[in-house]
Amino acid sequence: MFENISLFQTAGAMAQHAAARQAVTTRNIANADTPGFRAQTLAAFADTYRADDGGAMRATRPGHMHAAAMIAAARPEFSDGEPSPNGNSVSLEQEMVAAVENQREHDRALAIYKHGLSVLRTALGR
Amino acid sequence: MTDFSDALSVAASGMKAQATRLRHVSENIANTDTPGYHRKTVSFAEEVARGERSGAVAVGPLHLDQTALPQIYDPSNPLADENGNYLGSNVNLLVEIADAREAQRSYEANLKMFDQVRQMSSALMELLRK
């Protein structure tokens, strides 16, 4: 029963997406001085979520994999800025903004999840 | 969860690479007055593990700057030739300091990312604690 509450699924997928995006951002920052490295990014959660709505298969039984599972598979794409002379297109400033965005997204997802849990707990009378 | 541990190790590799760079910069600065010293430079490359790009940074082979060494006129120097010249080092202090500052900036960016990822994963752990 509980695993079908879409609130938890959405919040979980959002946290997962934020973590995946943060990993991409970290990779960009670590390679800020690597010649020829191209900056990458993942599509925003809202876009992936909406994209999954249409074409995704419907889950009609508890055993089915949900759309949330597909979000983790989002492919990183290149987000080229103006490359520096050595071919590196990472902008530290842009990555800094992305990192904060990711952290906020993750915090928001966890807050929603936590809140959902406390509602459930209240319903159980604990 | 693997995203977090990946991110942590990538950030750590970035810090390690910048620290290596900083070490070579300080070697260069220390040898500014060493006759015949060529300045060392490092190059970074994306690490390839098991045939696929891991995203971590690897420090490439060390290179010696092949710019011509300057002739310094100092007849009292034991290394001076018959004209009173000897070869100095091709270290330019200004370049080294700029390089050091850049390495520091990148190191700090990586450190910040490390801390941020750690905060995110500990927030996740906090969910289990209640």
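Reply: Chain B has a mean pLDDT of 90, and 98% of its residues reach 70 or more, pLDDT being the predictor's confidence in each residue on a scale from 0 to 100. This is a predicted model, in which local features need pLDDT of at least 70 and side-chain atom pairs count only at pLDDT 80 or more, while totals for chains, interfaces and linings use all residues. Residues are numbered from 1 along each chain as its sequence is written, chains are lettered from A and ligands numbered from 1 in the order in which they are written. For the complex, the predictor gives an ipTM of 0.81 and a pTM of 0.80.

Chain A comes to four helices and two strands, in the order α-β-α-α-β-α from the N terminus. These elements are DSSP runs numbered from the N terminus (helices: H or I, at least four residues; strands: E, at least two). Of the 126 residues of chain A, 35% are buried; a residue is buried if 20 or more other C-beta atoms, placed from the backbone, lie within 10 Å of its own, exposed if 12 or fewer, and partly exposed in between.

The contact takes 22 residues from chain A and 25 from chain B. On the chain A side, helix H1 (6-30) and helix H4 (92-124) each supply at least two residues. That side divides into twelve nonpolar, six polar and four charged residues. Two residues are in contact if their C-beta atoms, placed from the backbone, lie within 7 Å. Ala, Val, Leu, Ile, Met, Phe, Trp, Tyr, Cys and Pro count as nonpolar, Asp, Glu, Lys and Arg as charged, and the others, Gly among them, as polar.

One helix pair joins H4(A) to helix H2 (residues 93-129) of chain B: their axes lie 10 Å apart, at an angle of about 5 degrees. The two helices are therefore roughly parallel. Axes are lines fitted to C-alpha atoms, for helices over the stretch in contact, and angles run from 0 to 180 degrees between N-to-C directions; under 35 degrees is roughly parallel, over 145 roughly antiparallel, 65 to 115 roughly perpendicular and the rest oblique. From H4(A), residues including Ala99(A), His106(A) and Leu110(A) meet residues of H2(B), among them Met113(B), Gln116(B) and Met120(B). The residues of this helix contact divide into ten nonpolar, three polar and two charged.

Ala99(A), His106(A) and Leu110(A) are also among the buried residues of H4(A), as Met113(B), Gln116(B) and Met120(B) are among those of H2(B). The cover over the buried residues of H2(B) includes H1 and H4 of chain A together with helix H1 (2-30) of chain B.

In length, H4(A) has 33 residues and reaches 48 Å between its end C-alpha atoms, close to the 48 Å expected at 1.5 Å a residue. The expected span is 1.5 Å times one less than the number of residues. Just after H4(A), Gly125(A) takes a positive phi of about 80 degrees.

A further pair is H1(A) with H1(B), whose axes are 9 Å apart at an angle of about 10 degrees. H1(A) and H1(B) are therefore roughly parallel to each other. Among the residues making this contact are Ala19(A), Ala23(A) and Arg27(A) of H1(A), and Phe4(B), Val10(B) and Gly14(B) of H1(B). By class, this contact has nine nonpolar, four polar and three charged residues.
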